[in-house]
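Here is a brief report on charges and rings in one structure. Look at the sequence and the model first, then read on.

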Amino acid sequence: FFLHMYMQTYKSYKMENKPIFPTEEVTLPSKGLIYPKDNPLSKGVLEMKYMTAKEEDILTNQSYIKNGTVIDKLLKSLIITPIDYNDIIVGDKNAIMIAARVLGYGKDYTFDLDGEDHTVDLTEIKDKELKEKDLLSKGQNEFEFTLPTTKKAITFKILTHGDERKIENEIKGIKKVKKNESPEQSTRLKHMILSVDGDTERKTIREFVDTQLLARDARALRQYIKEIQPDVDLLFDIETEAGEKEVRVPIGITFFWPDSEL
C-alpha cells in the first residue's frame with residue numbers, strides 16, 4: 001500500500017495560530033486523471049495528517065456513529081489538501097480510508113474469518129489504477145459503453161461521494177412512499193448514466209432505465225464499470241486449516257476501533 005503513500009513522516013503542516021502536524025502524501029487510484037485540471041485532486045495526490053486525540057473523539061462520537069457519518073467526519077478532519085470532499089470518487093475515498101487507518105493505528109489489521117483471527121498488512125494493499133485510455137477525455141469523469149443486446153451507446157460517470165449521498169437520500173425518499181420498493185440498482189444507474197444515444201436529458205435517462213434497459217444489458221454495464229473504475233484491491237491470500245484461501249478483507253466495525261468493545 002505504501003506504493004501510493006510517499007513517506008514524509010515529519011513534513012510539517014503550518015497555519016497561523018494552528019499547531020504543527022506530521023503529514024503524509026497519499027496517491028489516489030484515479031491518479032487524478034478523472035478530475036478537472038483546476039481541481040486540487042487532479043494532481044493525483046493529497047496530503048493527510050496523522051490522527052490525534054481530536055480524531056479519536058470523532059471516532060467515538062455516538063451521534064456520528066448512529067447517523068453513519070463518522071468515517072466521513074474523520075476523513076474530512078485528516079485531509080489537509082483544500083478540496084471539496086463531495087468531489088472525491090468512491091475508489092479514491094477508499095484509498096484515503098486505508099491510509100487513515102495505517103496512519104492512525106498501524107499497518108496490521110486483524111479480523112475474524114470463520115471463527116479464526118487473521119492479520120493482514122494494510123501497506124501491502126495495491127491500487128486498482130484508472131487507465132487513461134478508458135476515459136473519453138482526460139480531466140473529465142466520463143466513459144462510454146455500448147450495451148451488448150440493444151446496441152445503444154451510453155456514456156456514464158464514476159460516482160463521487162456527493163453522488164452517493166444524493167442516491168442515498170433519493171432511495172430513502174422512495175422507500176418512505178413505497179415501503180416495499182428496493183430501488184438501489186436502478187437509482188444508481190440513473191445517476192451514473194450521462195447519455196443514451198447522445199441524448200443527455202435526465203428525464204430521458206430515467207425513463208430509459210425504468211422501461212428500456214434490459215437486465216442483461218444492465219448487468220454487462222455494471223460489470224464493465226467494476227472492471228475500469230479505480231479502487232483499492234482488498235483481496236488477500238490467507239492461510240486457513242484447509243490451506244491457502246483468497247478472501248476480501250472485511251472493513252467492519254473494528255477497522256477504526258481495533259480496541260473497541262463495539
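## Salt bridges

Glu 184 is partly exposed, at 29% relative accessibility. The model is predicted: local features need pLDDT of at least 70, side-chain atom pairs count only at pLDDT 80 or more, and totals for chains, interfaces and linings use all residues. Residues are numbered from 1 along each chain as its sequence is written, and side-chain values use heavy atoms, with hydrogens and water left out.

Glu 184 has a charged partner. Its side chain meets that of Lys 175 in a salt bridge, 2.9 Å from N to O. The term needs a side-chain nitrogen of Lys or Arg within 4 Å of a carboxyl oxygen of Asp or Glu. Lys 175 is partly exposed too, at 33% relative accessibility.

Some bridges share partners. Asp 72, Lys 93, Arg 165, Glu 168 and Lys 172 are joined into one network in this way. How many salt bridges does a search of the whole structure find? The search gives 16. Three of them are set out below.

| Acidic residue | Basic residue | N to O distance |
| Glu 184 | Lys 175 | 2.9 Å |
| Glu 164 | Arg 188 | 2.9 Å |
| Asp 108 | Lys 107 | 3.4 Å |

Take the bridge between Glu 164 and Arg 188. Glu 164 lies in helix H5 (residues 161-177) and Arg 188 in helix H6 (residues 184-192), so the bridge ties together parts that are 24 residues apart in sequence. Helices (H or I, at least four residues) and strands (E, at least two) are DSSP runs, numbered from the N terminus. Glu 164 is buried, at 15% relative accessibility. Arg 188 is partly exposed, with 30%.

## Aromatic pairs

Rings of Phe, Tyr and Trp (its six-membered ring) pair if their centres lie within 6.5 Å; planes under 30 degrees apart count as stacked, over 60 as edge-to-face and the rest as tilted. By this rule there are six aromatic pairs. One is Tyr 109 with Phe 111: the centres are 5.9 Å apart, the planes are at 35°, and the pair is tilted. Tyr 109 is buried, at 2% relative accessible area. Phe 111 is buried as well, at 4%.

Phe 156 and Tyr 224 make another pair. Their ring centres are 6.1 Å apart and their planes meet at 85°, so the pair is edge-to-face. Phe 156 is buried, with 0% relative accessibility.

Ring pairs also build a cluster. Its members are Tyr 109, Phe 111, Phe 255 and Phe 256.

## Charged patches

Patches use residues with over 30% relative accessible area and no salt bridge; like charges are joined within 9 Å. Lys and Arg count as positive, Asp and Glu as negative.

Lys 128, Lys 131, Lys 226 and Arg 248 gather in a positive surface patch. Lys 226 belongs to helix H8 (residues 215-228). Is Lys 226 buried or exposed? Lys 226 is exposed, at 55% relative accessible area.

The negative surface patch holds Asp 233, Asp 237, Glu 239, Glu 244 and Glu 246. Strand E11 (235-240) and strand E12 (243-248) each supply at least two of its residues. Asp 237 lies in strand E11.

Conventions:
Patch = residues over 30% accessible without salt bridge, like charges linked within 9 Å, V, L, I, M, F, W, Y side chains within 5 Å. Areas by Shrake-Rupley, 256 points an atom, 1.4 Å probe, with all protein chains shown as cover. Charge placed at Lys NZ, Arg CZ, Asp CG, Glu CD. Buried < 20%, exposed > 50% of the residue type's maximum accessible area, 1.4 Å probe, protein only.
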